[in-house]
Amino acid sequence: MTARTVIVTGAAAGIGRATADALTAEGWRVIGIDRTEGSVEVAGDAGDPSVLRAALERCDGRLDALVCSAGIPPSGPWDSRGHWDEVLAVDLTAPYEALRTCWPALVAAGGSAALVGSIVGGAEGSLRSPAYAAAKAGLEGLARSFAVIGAPDGVRVNVVAPGAIATDFDERLLPADARSDVPLGRMGTAEEVAAVIGFLVGPAASYVTGAVWTVDGGRSVLSSVDAERLRTRSR
């Protein structure tokens, strides 16, 4: 059988790199997009239609999946309009453009898409970056909408919402293996998020669409009262 083909944005590092590696190991043909030249198949902005079309040309006429992992982390200042515009462009508009540009190919293959969101926005606000929270919350609405649009053609669209993941993307406020704000007690790994993405874009998830899969070690279900109880118990 011909190998399934996937485009992964933000494929040079972090969750995008882990996803590209995991799917390659499973026999997928991976076309990576990233601004970092030399580490992926297509270098450029993942929200640029010409870059996306160049990636599509490498798919040899078939695209089974799209993974939108490119993004910029929350920072600030929160009241900077320039920061707002940049974050919305990269974390929300770029995934929309990727879906829009790749949509005919996904329809032709009856493919699927996974968008990398965050518990910030969907479950939490952000003191540093309302722009990031707004973009990630908007990403969930985008996925639900495209899930409805794609359903008649068998195209599935889902979101993976990571919590604290041990990559360069996350701010390290606590030791990675001693997170009192996470019931499992540690940060997750990029490979753990990639495993969920691999499931969602694969045939085993054929009846899953319009969903948000949280990968956060239980952080988003932990109340402040129980967080204090966990801290007391660990002393």
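Strand E5 (residues 112–116) and strand E6 (residues 156–162) pair in the parallel sense over 5 bridges, where strands count as paired if DSSP finds at least two bridges between them. The names used here follow DSSP runs numbered from the N terminus, with helices being H or I runs of at least four residues and strands being E runs of at least two. Within this pair, Ser 112 stands opposite Arg 156 in E6, and Ala 113 stands opposite Val 157 in E6. This is a predicted model, in which local features need pLDDT of at least 70 and side-chain atom pairs count only at pLDDT 80 or more, while totals for chains, interfaces and linings use all residues. Residues are numbered from 1 along each chain as its sequence is written, and side-chain values use heavy atoms, with hydrogens and water left out.

Of the 7 residues of E6, 7 are buried, so the strand is largely enclosed by the rest of the structure; buried means under 20% relative accessible area, exposed means over 50%, and partly exposed lies in between (1.4 Å probe, protein chains only). In a regular strand the side chains alternate between the two faces of the sheet. In E6, Arg 156, Asn 158, Val 160 and Pro 162 point one way, whereas Val 157, Val 159 and Ala 161 point the other way, and all of them are buried.

How does the whole sheet run, and in what order do its strands come? The 7 strands form an open sheet in the order E3-E2-E1-E4-E5-E6-E7, with parallel pairing. At its edges are strand E3 (42–43) and strand E7 (212–215), each of which pairs on one side only. Strands of a sheet pair through backbone hydrogen bonds, either parallel or antiparallel.

E1, helix H1 (residues 14–25) and E2 make a right-handed β-α-β unit, which is to say that, with the strands pointing away from the viewer, the path from the first strand over the helix to the second runs clockwise. Strand E2 is largely enclosed by the rest of the structure, because 5 of its 6 residues are buried. From E2, 2 bridges lead on to E3, again in parallel, and Ala 43 in E3 is the bridge partner of Asp 34.

The helices can now be placed against these strands. In helix H2 (residues 49–57), Val 51, Leu 52, Ala 55 and Leu 56 are buried. Seen down the axis of H2, its buried residues fall within an arc of 145°, so they line one face of the helix; the arc is that of the directions from the helix axis to the C-beta atoms. What covers these residues includes E1, strand E2 (29–34), E3 and H3, with contact meaning heavy atoms within 4.5 Å.

Helix H3 (residues 81–109) lies across strand E1 (5–9), strand E4 (65–68), E5 and E6, and runs at about 175° to E4; the axes are lines fitted to C-alpha atoms, for helices over the stretch in contact, and angles run from 0 to 180 degrees between N-to-C directions. His 83 has its place in helix H3 and counts as buried because its relative accessibility is 7%. Not counting residues up to four places away in sequence, His 83 touches Ser 75, Gly 76, Pro 77, Ser 129 and Ala 131. The side chains of His 83 and Ser 129 are joined by a polar contact of 3.0 Å, a term for a pair of N or O atoms within 3.5 Å; within protein, one must be able to donate a hydrogen and the other to accept it, and residues adjacent in sequence count only if both atoms are side-chain atoms.

Some loop residues complete the picture. Asp 181 is in the loop between E6 and helix H6 (190–201) and counts as buried at 19% relative accessibility, and a polar contact of 3.5 Å joins its side chain to that of Arg 219. Asp 60, in the loop between H2 and E4, counts as exposed at 62% relative accessibility, and Asp 60 has a positive phi of about 55° although it is not a glycine.
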